[in-house]
Amino acid sequence: GMNDAEKKMCGGVVEHLGGLLISSVGFDSRCTHLIASKPNRNEKFISSLGSGIWALHPSYVTVSKEQILVDERQFTWDKFSSDLLGINKSLGEAASKWIGRKAFSSWRVVLCISSSKIRSFKGIIEVGGGYVVQDKPPYSVQSGTTHAFFESNLPTSEVPVGALIEAGVHCLKLEYIPEYLIHGDNRSKLENFLIEPARKSMKNVSSSSNKRSIDTSLTGTPSKRSRT
């Protein structure tokens with residue numbers, strides 16, 4: 001994040017331009033612009049992408065000191081991501097992808113995660129236009145649920161995983177959320193983040209489908225021999 005001097009400078013510029021500086025630990029839904037020292041997987045940056053607001057390089061504020069009307073598109077983090085590495089680079093490159101759109105607007109979500117993470121991830125989903133159907137036990141399969149997210153180190157004994165899979169719910173590792181913001185609705189990426197029961201179920205369905213195709217080809221009506 002920014003140091004105190006940088007925050008003070010940003011605050012002065014924002015207030016001079018008639019804006020409101022929001023200093024909070026988590027993401028604030030009133031936010032329209034996020035000034036980030038670098039892209040990362042923290043709540044604020046992920047929420048800014050998911051909610052469709054501007055995620056900007058600090059130079060946006062520096063230039064704004066000199067002229068009031070600055071085009072945000074010149075300062076989105078994808079314009080400055082060439083020197084970044086790994087997930088930070090990918091998140092930076094996604095900075096313009098969702099502007100003006102809610103990334104999770106079609107999602108109805110079950111969160112099967114530790115209580116300490118619920119506030120943060122529920123907020124991320126909701127500012128992105130999604131709806132959290134359940135976030136604590138007893139869990140059940142509710143109509144319209146699209147996604148269920150799990151922490152890899154937590155047991156799933158209280159969650160009806162099989163019933164969720166049967167209902168067509170995507171049962172995924174929590175790490176899928178930033179990947180979705182980077183890659184969008186990419187089927188191959190989604191499959192990489194399926195929890196193990198869902199992965200096994202997909203393999204079984206695929207195997208069964210292939211078997212049916214083979215059986216059909218073997219039991220078809222044999223062709224008549226042509227006479228010479």
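1. A pocket, as the word is used here, is an open set of grid points where a 1.4 Å probe fits, with protein on both sides within 12 Å along at least five of seven lines. The model discussed is a predicted one, and its largest pocket has a volume of about 1100 Å³.

2. The largest pocket is lined by 38 residues. Those closest to its centre are Leu-21, Ile-22, His-33, Leu-34 and Ile-35.

3. Four elements are to be noted in the lining: helix H1 (4–16), strand E1 (33–35), H2 and helix H3 (59–64) each give two or more residues to the largest pocket. H1 gives the most, with four residues.

4. By residue class, the lining of the largest pocket divides into 20 nonpolar, 11 polar and seven charged residues.

5. H2, which spans residues 43–51, also packs with helix H7, residues 176–183. The angle between H2 and H7 is about 45°, and their axes lie 10 Å apart. Angles from 65 to 115 degrees count as roughly perpendicular and those under 35 as roughly parallel; H2 and H7 are therefore oblique to each other. Their crossing is left-handed.

6. On the H2 side, the contact is made by Ile-46, Leu-49 and Gly-50; on the H7 side, by Ile-177, Pro-178 and Leu-181. Five of the residues in this contact are nonpolar, one is polar and none is charged. Gly counts as polar in this scheme.

Conventions. Residues numbered from 1 in each chain as written. Predicted model: local features only at pLDDT ≥ 70, side-chain atom pairs only at ≥ 80, totals over all residues. Heavy atoms only, no water. Axes fitted to C-alpha atoms, helices over the stretch in contact; angles between N-to-C directions. Parallel < 35°, antiparallel > 145°, perpendicular 65-115°, else oblique. Left-handed = near helix turned anticlockwise from the far one by under 90°. Contact = heavy atoms within 4.5 Å. 1 Å grid on protein atoms, 1.4 Å probe; cavity = no way out; pocket = protein on both sides within 12 Å on 5 of 7 lines; lining within 4 Å. Points joined across faces, edges and corners; volume = space filled by probe spheres on them.
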